Amino acid sequence: MALKYLHTMVRVLDLEASMAFYRLLGLEETRRHESEKGRFSLIFMAPPGQPECPVELTWNWDGDDGLPSDSRHFGHLAYEVDDIYATCAHLQANGVLINRPPRDGRMAFVRSPDNISIELLQKGDALAPAEPWASMENTGHW
């Protein structure tokens, strides 16, 4: 039985805010489907050069009263980054809360505008602990 990863889908409340967040992470729009009849849009975003690894943002044109909920039933998306500290600094400078700072030089968590938990993992070996991250406390949950 063959199995092939296709994508991860998350529902979003504010399409523009969500797309801006995923762009900050470095993702690019790879394709889009608009359903006039179903009144929804599907926007696929993936890391550069990795169109086979998209996240599908599903946006219902008429809104979705359940979003954003704080439900954790989804789990999280995970992305490997070249420099966990630079990535977190970039996100923080653009108003993203670092829920679980990369104190260990290896892992951090942030949340999208729709409460999707995003895990960031350092490529290769962990970086040496560095401030301000080493002493930064968790904020909220991830």
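Does Thr-58 count as buried or exposed, and at what relative accessibility? In this predicted model, Thr-58 has a relative accessibility of 6% and therefore counts as buried, the cut-off for that class being under 20%.

**Thr-58 and its surroundings**

Thr-58 belongs to strand β4, which spans residues 55-60. Its side chain makes a polar contact with the side chain of Glu-56, at 2.8 Å. When neighbours within four places in sequence are left aside, Thr-58 is in contact with Met-9, Val-10, Arg-11 and Val-12, and also with Ser-41 and Leu-42.

**Helix α1**

Helix α1 covers residues 15-24, and its buried residues are Leu-15, Ser-18, Met-19, Phe-21 and Tyr-22. These residues lie on the same side of α1, because the arc they cover around the axis is only 155°. At the start of α1, a side-chain oxygen of Asp-14 comes to within 3.2 Å of the backbone nitrogen of Glu-16, while after the helix comes Gly-26, with a positive phi near 110°.

The protein chain is divided into domain 1, residues 8-60, and domain 2, residues 77-122, and the C-alpha centres of the two lie 19 Å apart. The contact between them draws on 15 residues from domain 1 and 14 residues from domain 2. The values for this interface are set out below.

| Interface of domain 1 and domain 2 | Value |
|---|---|
| Buried area | about 1,100 Å² |
| Share of that area on carbon and sulfur atoms | 76% |
| Salt bridges found by the rule | zero |
| Residue pairs in polar contact (both at pLDDT 80 or more) | three |

On the side of domain 1 that touches domain 2, β1 (8-12) and α1 each supply at least two residues, and the largest share, five residues, comes from α1. In terms of area, Phe-21, Leu-24 and Leu-25 together supply 53% of what domain 1 buries against domain 2, which is more than any other three residues.

Technical notes: Residues numbered from 1 in each chain as written. Predicted model: local features only at pLDDT ≥ 70, side-chain atom pairs only at ≥ 80, totals over all residues. Heavy atoms only, no water. Buried < 20%, exposed > 50% of the residue type's maximum accessible area, 1.4 Å probe, protein only. Helix = DSSP H or I, 4+ residues; strand = E, 2+ residues; numbered from the N terminus. Arc of directions from axis to C-beta. Polar contact = N/O pair within 3.5 Å; in protein donor to acceptor, adjacent residues only side chain to side chain. Domains from an automatic or database assignment. Contact = heavy atoms within 4.5 Å. Buried area = accessible area lost by both parts, 1.4 Å probe. Salt bridge = Lys/Arg side-chain N within 4 Å of Asp/Glu carboxyl O.
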